[in-house]
Amino acid sequence: MRCNEQIRISPIRLINDANEQVGIIATPEAIRMAREAGLDLVEVSPNEKPPVCRLMDYGKWKYKQRKKEQKAHAGHVTQLKELRIKSVRIDDHDQNTKLNQAKKFLEDGHKVQFNIMFRGREMAHVDLGRTLMEHFKTGLTEISKPEREPKLEGKRMIMILAPKGH
């Protein structure tokens, strides 16, 4: 896109700021019309015969393009949501609550990390933690896929589930 003084070819096809075709006119005349209207003369199709130019506020147009580009790049950002389970002796109702929270996060397109803490003698019952993780995994199979299988790291077991559509 070229503006005002950069347009050297004459005549040009002019489109005004109301998006109406003015016709084929000389370039100096189009520049004069742009100045009177307080706008810029912008070449939008240089390869046409004659080239197509438009009267517009170039700064405003550029700003809108930048905003459009930022919006396109923003999109949906996937976050990692953590659900902490403080003990392997978790009640059934609490398990269902955690399952529903995870389901909501996965439906929103976020990844879910389950984190079971083992305290004291619970370390002797790591198998209970694995069973609990498998319960969560099977409860969410229709909307998620395991990104990271349950793994013991120190005194905690971690599993990450990702939404199926992603």
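This is a predicted model: local features need pLDDT of at least 70, side-chain atom pairs count only at pLDDT 80 or more; totals for chains, interfaces and linings use all residues.

Student: What does a label like E5 stand for, and when do two strands pair?

Tutor: Helices (H or I, at least four residues) and strands (E, at least two) are DSSP runs, numbered from the N terminus. Two strands pair if DSSP finds at least two bridges between them. Here, strand E2 (residues 12–15) runs parallel to E5, with three bridges joining them. Strand E4 (residues 40–45) is joined to E5 by five bridges, and these two run antiparallel.

Student: Is E5 largely enclosed or open?

Tutor: For that you need the word "buried": it means under 20% relative accessible area, while exposed is over 50% and partly exposed is in between (1.4 Å probe, protein chains only). Four of the five residues of strand E5 (residues 52–56) are buried, so E5 is largely enclosed by the rest of the structure. For contrast, look at Asn19, in the loop between E2 and strand E3 (21–25). Asn19 counts as exposed, at 53% relative accessibility. Its phi is near 65°, a positive value in a residue other than glycine.

Student: Which residues have the most contacts inside the largest nonpolar core?

Tutor: A nonpolar core is a set of buried Ala, Val, Leu, Ile, Met, Phe, Trp, Tyr and Cys residues joined through side-chain atoms within 4.5 Å. The largest one here has 20 residues, and those with the most contacts inside it are Ile85, Val112, Phe114, Ile116, Phe136 and Leu140. Two or more residues of this core come from each of strand E6 (80–85), helix H3 (92–107), strand E7 (111–117), helix H4 (126–139) and strand E9 (156–163). Apart from it lies another core, of eleven residues, including Ala30, Ile31, Leu41 and Cys53.

Student: How do I read a helix such as H4?

Tutor: The general idea is that an α-helix has 3.6 residues a turn, so residues three or four places apart point the same way. H4 has 14 residues and reaches 20 Å from its first C-alpha to its last, close to the 20 Å expected at 1.5 Å a residue (the expected span is 1.5 Å times one less than the number of residues). Its buried residues are Val126, Gly129, Leu132, Met133, Phe136 and Lys137. They cover an arc of only 140° around the axis, which puts them on the same side of H4; the arc is that of the directions from the helix axis to the C-beta atoms.

Student: What do the buried residues of H4 pack against?

Tutor: They pack against E6, H3, E7, strand E8 (144–153) and E9. Contact means heavy atoms within 4.5 Å. Take Phe136: not counting residues up to four places away in sequence, Phe136 touches Ile85, Gln95, Lys98, Leu99, Phe114 and Met159.

Student: How many salt bridges does a search of the whole structure find?

Tutor: Side chains of opposite charge can pair when their charged atoms come close. A salt bridge is a side-chain nitrogen of Lys or Arg within 4 Å of a carboxyl oxygen of Asp or Glu, and the search finds eight. In one of them, Lys111 meets Glu147, the closest N and O atoms being 3.0 Å apart. Lys111 lies in strand E7 and Glu147 in strand E8, so the pair ties together parts that are 36 residues apart in sequence. Glu134 and Lys137 also form a salt bridge (3.5 Å, N to O); both lie in helix H4, three residues apart, about one turn of the helix. Glu134 is partly exposed, at 35%, whereas Lys137 counts as buried, at 13% relative accessibility. Elsewhere, Glu29, Arg32 and Glu36 are linked in a network of salt bridges.

Definitions and conventions
Residues are numbered from 1 along each chain as its sequence is written. Side-chain values use heavy atoms; hydrogens and water are left out.
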